2 protein chains.
Amino acid sequence: MTERIPQQERSRITREGLLRAAVDVLAEQGWAAATVATVAARAGVSRGAAQHHFPTRGALVTATLEQIFADLTAVTSETTATEPAGDRIAAVVDRAVAIYTGKEFKAALQVWAAAASDPALRELILPLEAKFARAAHRMTVQALGPSDDDQRIHRIAQLTLDLARGLGLADTLSDDSKRRAQVVATYIELVRSALGE
Amino acid sequence: MTERIPQQERSRITREGLLRAAVDVLAEQGWAAATVATVAARAGVSRGAAQHHFPTRGALVTATLEQIFADLTAVTSETTATEPAGDRIAAVVDRAVAIYTGKEFKAALQVWAAAASDPALRELILPLEAKFARAAHRMTVQALGPSDDDQRIHRIAQLTLDLARGLGLADTLSDDSKRRAQVVATYIELVRSALGE
């Protein structure tokens, strides 16, 4: 029995290492490179051990998306709890933009692009997508305002996430951060004025 | 001499057919499928004839992006000239969203995703990207307002195109048109109020 826990712990560490490596491979080398074998090599794990965790590419990719979405959701919750009330709108917008301009988004984009022409992959990832979209929207609504039932807040939350997604895509091929800062500032101004702040 | 013009005309028709087929293959079958051979088959053109026009995949893909951008820019100019002044903001936003939710955007997205991990492809398409971004921005600014030198109009034009890009991405895996209509309506309201209309 004394050896079971370390074994489980080792297994967990291996799994997490594979998921981190999958994000790196997707973001840096693209969809075609993101096979179980390549990800195993990147993680420094044997192919057999990797296949024990993820028997197929589909299993690896869906687990990677789940991990990405869980990480992004966790970061978002933390930030919400600690931000000053005065800069609430700016903080919400900045956070949404940060979600979509990081390495995780670039990895997820590779999966989306592949799923666009792969119905089986699309079926695997659509439920994850929908769950993440709901979580991101719920947290954005909560962070934006106390009036949770206000339809206006709900729609501005959606708008914010859609804009952030577009800014993320614009950052895929080259560093768009300077232009983005101006666009984000303009948007924050529009939302402040719409919410009367 | 009498036969030279039909020959040139045939050549032009073949080229255009290949570019249309490339858009279809990219949008429906994805990046991996979009080889010169597959596109030639889709266009009903021999592989040799296709390679005469596009010796490499890079040449085919860059010509396809050029064609997509030229078509989108042409549509945009036409629409601008005919729209009623009263619904100007709504028309501008709707048109930007239409650009990014069509088949052409889905094809371009496949190229962007591939270019994210392919430096040589990225070098080929970045200048096209930049040229299209400038053209789309210039036309959006002109359509939005008469005050061409107003920094606010410039930034709202960028914001509009960034939002449209995000909405396009959200439409990649499933039909997002219902949700999108609400988000677009909210955005139009924000812009109208920001521009005092």
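A salt bridge here is a side-chain nitrogen of Lys or Arg within 4 Å of a carboxyl oxygen of Asp or Glu. Keep that in mind as you move through this predicted model.

**Stop 1: a pair across the interface**

Select D162(B) and R179(A) and show their side chains. The two meet in a salt bridge, with N to O at 2.8 Å. Side chains of opposite charge can pair when their charged atoms come close. Across the interface of chain B and chain A, the rule finds four salt bridges. It also finds 10 residue pairs in polar contact there, both residues at pLDDT 80 or more.

**Stop 2**

Now color chain B by element.

Zoom out to take in both partners.

**Stop 3: helix 8 and helix 9 of chain B**

Stay with chain B and select helix 8 and helix 9. Their axes come within 12 Å and cross at roughly 175°, so the two helices are roughly antiparallel to each other. To see the contact, show side chains on helix 8 of chain B, including I156(B), L159(B) and L163(B), and on helix 9 of chain B, including V183(B), V184(B) and Y187(B). The contact of these two helices has 10 nonpolar, one polar and three charged residues.

**Stop 4: a salt bridge inside chain B**

Next, pick E28(B) and R42(B). Their side chains meet in a salt bridge, at 2.7 Å from N to O. The pair links distant parts of the chain: E28(B) sits in helix 1 of chain B and R42(B) in helix 2 (residues 36-43) of chain B, 14 residues apart. Over all chains, a search of the whole structure finds 20 salt bridges.

**Stop 5: helix 5 and helix 6 of chain A**

Finish in chain A with helix 5 (residues 88-101) and helix 6 (residues 103-115). They pack at an angle of about 55°, with their axes 4 Å apart, and are therefore oblique to each other. Show I99(A), Y100(A) and T101(A) in helix 5 of chain A, which meet K103(A), F105(A) and K106(A) in helix 6 of chain A. This contact has three nonpolar, one polar and two charged residues.

Terms used:
Residues are numbered from 1 along each chain as its sequence is written. Chains are lettered from A and ligands numbered from 1 in the order in which they are written. This is a predicted model: local features need pLDDT of at least 70, side-chain atom pairs count only at pLDDT 80 or more; totals for chains, interfaces and linings use all residues. Side-chain values use heavy atoms; hydrogens and water are left out. A polar contact is a pair of N or O atoms within 3.5 Å; within protein, one must be able to donate a hydrogen and the other to accept it, and residues adjacent in sequence count only if both atoms are side-chain atoms. Axes are lines fitted to C-alpha atoms, for helices over the stretch in contact, and angles run from 0 to 180 degrees between N-to-C directions. Angles under 35 degrees count as roughly parallel, over 145 as roughly antiparallel, 65 to 115 as roughly perpendicular and the rest as oblique. Contact means heavy atoms within 4.5 Å. Ala, Val, Leu, Ile, Met, Phe, Trp, Tyr, Cys and Pro count as nonpolar, Asp, Glu, Lys and Arg as charged, and the others, Gly among them, as polar.
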